Amino acid sequence: MPADGFLKTPFGTIRGILFDIDDTLVDLEYAMTTALREVSEHLLPGLDQTGWERFGRIFTHETTHYYDRYLAGELTFNDQRLLRGRAALGHFGVDLADGEEAHQWLSNYGRIQPGYVKAFEDVAPLLDALDAAGVPYGAVSNNVHDYQRAKLDGAGLDRIKRLVGTDTVGVAKPEPAIYLEGVRLLGTRPADTLYVGDNRMLDAEGSTAAGLLGVWLNRVGEPREGFAGYEISSLAAILA
C-alpha cells in the first residue's frame with residue numbers, strides 16, 4: 001500500500017525514511033568500547049585512558065576488515081569479534097590464544113555489550129515527527145535481522161517495525177537490493193525515500209546509487225573531501 005504521509009526536508013519532500021542502525025540510531029561505538037574495557041581490564045592492568053581509547057579504536061575502526069569477511073561468509077560473527085579482540089589486545093602485548101580464556105572473554109563481551117546499547121537523543125524526536133506526519137520508516141542494516149531486531153528492541157526502538165538485515169535478501173550494503181527491499185516494505189518509491197547512515201560509502205553513496213535520497217550522518221565531523229552528497233551532523237537537521 002502506498003505511503004500517504006509526507007515530510008518536507010532540506011533534501012526535498014519525502015514519503016518514507018530508512019535508517020542504518022549502528023552509530024546512526026544507536027551509539028554502538030560507546031557500547032563496544034565500554035564493554036571491551038570491562039571485560040579486558042584484568043588483562044591490561046594499569047592501562048591509562050589514552051591506552052583504552054587506542055584499544056577501543058583498534059577494535060571499532062581498524063579491524064573492520066574482519067567484519068567484511070563475516071559479511072562475505074568467510075567468518076562467523078563470533079570469529080570476527082574474537083579476531084578483533086585479539087588484534088586490540090595484541091597491540092598491548094596480550095595474546096588471547098584459543099582456549100578457555102578466549103571463550104570466556106568472548107562470552108563475557110557478548111553478554112555485557114547489549115546492556116550498553118542506547119539510542120541517540122536525536123532519534124525519538126525525529127520518529128515522533130514521522131509518526132505525526134504519517135511517514136513510514138524502517139531500518140536497513142549490514143547485520144542479520146534477528147540480531148538487529150533484538151538490538152533495536154533493547155534500545156527502546158521497538159516502534160521501528162520494518163527491518164531489513166543481510167539475511168533478508170541475501171546481500172549486504174552497498175548492493176542495491178538491500179535498500180530496495182526497505183523501500184518495498186515502506187510502500188514508497190526510491191526517489192521519495194530518504195536513507196540516512198553514518199557510513200558515507202555504504203549508506204549515503206550506496207543508497208543514492210540505488211535511487212534513494214542518500215544522506216551521510218557525519219556525527220563525528222569526518223573530513224568530507226571527495227564527497228559531493230548530502231551531509232548532516234544530527235538527525236535533527238532532517239526537521240530543519
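Colleague: To begin, is Phe77 buried or exposed?

Modeller: This is a predicted model, in which local features need pLDDT of at least 70, side-chain atom pairs count only at pLDDT 80 or more, and totals for chains, interfaces and linings use all residues. Residues are numbered from 1 along each chain as its sequence is written, and side-chain values use heavy atoms, with hydrogens and water left out. A residue is called buried under 20% relative accessible area, exposed over 50% and partly exposed in between (1.4 Å probe, protein chains only). Because Phe77 has a relative accessible area of 18%, Phe77 is buried.

Colleague: How are the rings of Phe77 and Tyr147 arranged?

Modeller: The structure holds 11 aromatic pairs, where rings of Phe, Tyr and Trp (its six-membered ring) pair if their centres lie within 6.5 Å, with planes under 30 degrees apart stacked, over 60 edge-to-face and the rest tilted. The centres of Phe77 and Tyr147 are 5.0 Å apart and their planes stand at 55 degrees, so this pair is tilted.

Colleague: Which helix does Tyr147 belong to, and how exposed is Tyr147?

Modeller: Helices (H or I, at least four residues) and strands (E, at least two) are DSSP runs numbered from the N terminus. The pair links distant parts of the chain, 70 residues apart, with Phe77 in helix 4 and Tyr147 in helix 7 (residues 145–154). At a relative accessibility of 29%, Tyr147 is therefore partly exposed.

Colleague: Which strands stand at the edges of the open sheet?

Modeller: The sheet has 6 strands in the order 5-4-3-6-7-8, with parallel pairing; two strands pair if DSSP finds at least two bridges between them. An edge strand has a single partner strand, so one side of it is left without a neighbour in the sheet; this applies to strand 5 (162–164) and strand 8 (230–232).

Colleague: What angle does helix 9 make with strand 5?

Modeller: Axes are lines fitted to C-alpha atoms, for helices over the stretch in contact, and angles run from 0 to 180 degrees between N-to-C directions. Helix 9 (residues 176–186) lies across strand 3, strand 4, strand 5 and strand 6, and its angle to strand 5 is about 165 degrees.

Colleague: Which residues touch the most other members of the largest nonpolar core?

Modeller: A nonpolar core is a set of buried Ala, Val, Leu, Ile, Met, Phe, Trp, Tyr and Cys residues joined through side-chain atoms within 4.5 Å. In soluble globular proteins, nonpolar side chains tend to be buried together. The largest core here has 52 residues, and those touching the most other members are Phe19, Leu25, Trp105 and Val196.

Colleague: Is Val196 buried or exposed?

Modeller: Val196 is found in strand 6, and among its contacts are Ile17, Phe19, Val215 and Ile232. Because its relative accessibility is 0%, Val196 is buried.

Colleague: Which residue has its charged end over the ring of Phe120?

Modeller: A charge sits over a ring if NZ of Lys or CZ of Arg is within 6 Å of the ring centre and within 35 degrees of the ring normal. Arg200 lies over the face of Trp216, 5.4 Å from the ring centre. For Phe120, the distance to the ring centre is 3.7 Å and the residue is Arg219.

Colleague: Finally, what is the phi of Asp23, and where is the cis peptide bond?

Modeller: Most residues other than glycine have a negative phi, and most peptide bonds are trans. Asp23, in the loop between strand 3 and helix 1, is not a glycine, yet its phi is positive, at about 65 degrees. Pro174 lies in the loop between helix 8 (166–169) and helix 9. The cis bond, with omega near 15 degrees, runs from Lys173 to Pro174.

Conventions. Contact means heavy atoms within 4.5 Å. Lists of a residue's contacts leave out its neighbours within four places in sequence.
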